[in-house]
Amino acid sequence: MQLTTNHLLGIKSLLPKDISIILSTAQQFKEVLQRPIKKVPSLRDVTIVNLFYENSTRTRISFELAQKRLSADTINFSASASSVSKGETLLDTVNNILSMKVDMVVMRHSASGAPHFLAKHLPNIAIVNAGDGINEHPTQALLDAFSIIEHYGSLEGRKVLLIGDIMHSRVALSNIYLLKKMGAEVMLSGPPTLIPKYIQQAFDVQVEYNLQKALQWCDVANVLRIQLERQNQVLFSSLREYNLSYGVSQKRLAGIDKEILIMHPGPINRGVEIDSDVADSKQSVILKQVENGVAVRMAVLYLLSGKKELNV
Ligand code: CP
């Protein structure tokens, strides 16, 4: 099984069959991760650099663990502790690292399009986008999809609600691309100031500003963090006000007549977009998403490595 791409820059450029191949390969790696010995030799002799220009907990650890489980050699680069502070450009930094015979680059960057820029200049190195600005976070959308399928069996016809800061969320954009490509229905809910006006027509998604109605509609609610670090103007009155109108709480869920699946990409702001009584409930698969991220990232790295036989 081969992907139609040499890089994973975003879900936008993937075909549905690429998404299916990644998710089915991730299922095989998830089985590997249940074994007493969780390590396979699939990427022995492959060297991968994790290039993080922006903070991360889950994605960075998940990629590193995925690489170790696949027996790859891993190098971690943190921009804050590098020669970037001395003025070195992104391309110079990467070219210097590649001259030490690195095979793949996993990159997170605050600038939208940074991994696309690298892929254009370095077409022969597999580039994996670990989140670029407000553009895409493709492995997050893949692990979200994997977690929905694990719970419900399929994505086709599934009603998925994305709640909150749609405007600044790369997770939202990657989820919308993926869910629409795989036949799910998508609804967005949140304050009008955080949902771009063009999005309904551009992506064929529904918008419902009344969160109670939106929750009643969905099978899955993926709650997004308010990205205060990306907002340069006041878009809602206060965090308290936001919680009262759009926070997901047990009190609010008690008003709907079914049990929906609760997801969140993390990091969580407890008491803002989600209350602890929901985040820690049995309806929540938030930590399952994190667990599934390792298998999904193993699949992405393995498939982009160009290795032909998967013997696990
Ligand atoms: N979900 C996610 O991208 O989390 P981190 O920022 O901690 O990697």
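User: Which residues line the largest cavity?
Analyst: This is a predicted model, where local features need pLDDT of at least 70 and side-chain atom pairs count only at pLDDT 80 or more, while totals for chains, interfaces and linings use all residues. Residues are numbered from 1 along each chain as its sequence is written, and side-chain values use heavy atoms, with hydrogens and water left out. A cavity is a set of points on a 1 Å grid over the protein atoms alone where a 1.4 Å probe fits but cannot get out, and lining residues have an atom within 4 Å of a point. For the largest cavity, the lining is Arg-58, Ser-62, Gln-140, Leu-143, Pro-265, Gln-289, Val-290, Gly-293 and Arg-297.

User: Which helix gives the largest share of that cavity lining?
Analyst: H2 (58-69), H5 (138-152) and H12 (286-304) each supply at least two lining residues; helices are DSSP runs of H or I of at least four residues, strands are E runs of at least two, and both are numbered from the N terminus. With four residues, the largest share comes from H12.

User: Which side chain has an N or O atom 2.6 Å from an oxygen atom of the ligand?
Analyst: Around the ligand (a heavy atom within 4 Å) are Ser-56, Thr-57, Arg-58, Thr-59, Arg-108, His-137, Gln-140, Pro-265 and Gly-266. In the Arg-58 side chain, an N or O atom is 2.9 Å from a ligand oxygen, and in that of Gln-140 one is 3.1 Å from a ligand nitrogen. The 2.6 Å distance belongs to the side chain of Ser-56.

User: Which residues lie nearest the centre of the largest pocket?
Analyst: A pocket is an open set of grid points with protein on both sides within 12 Å along at least five of seven lines. Here H2 and H6 (170-181) each supply at least two lining residues, and because domain 1 and domain 2 both contribute, the pocket lies between them. Of the 20 residues in its lining, those nearest the centre are Arg-108, Arg-170, Arg-225, Gly-266 and Pro-267.

User: What is the omega of the peptide bond that joins Gly-266 and Pro-267?
Analyst: Pro-267 sits in the loop between strand E9 (261-263) and helix H11 (276-279). Most peptide bonds are trans. The one joining Gly-266 to Pro-267 is cis, with an omega of about -5°.

User: What is the phi of Ser-71?
Analyst: Ser-71 is found in the loop between H2 and strand E2 (73-78). Most residues other than glycine have a negative phi. Ser-71 is not a glycine, yet its phi is positive, at about 70°.

Methods:
Polar contact = N/O pair within 3.5 Å; in protein donor to acceptor, adjacent residues only side chain to side chain. Domains from an automatic or database assignment.
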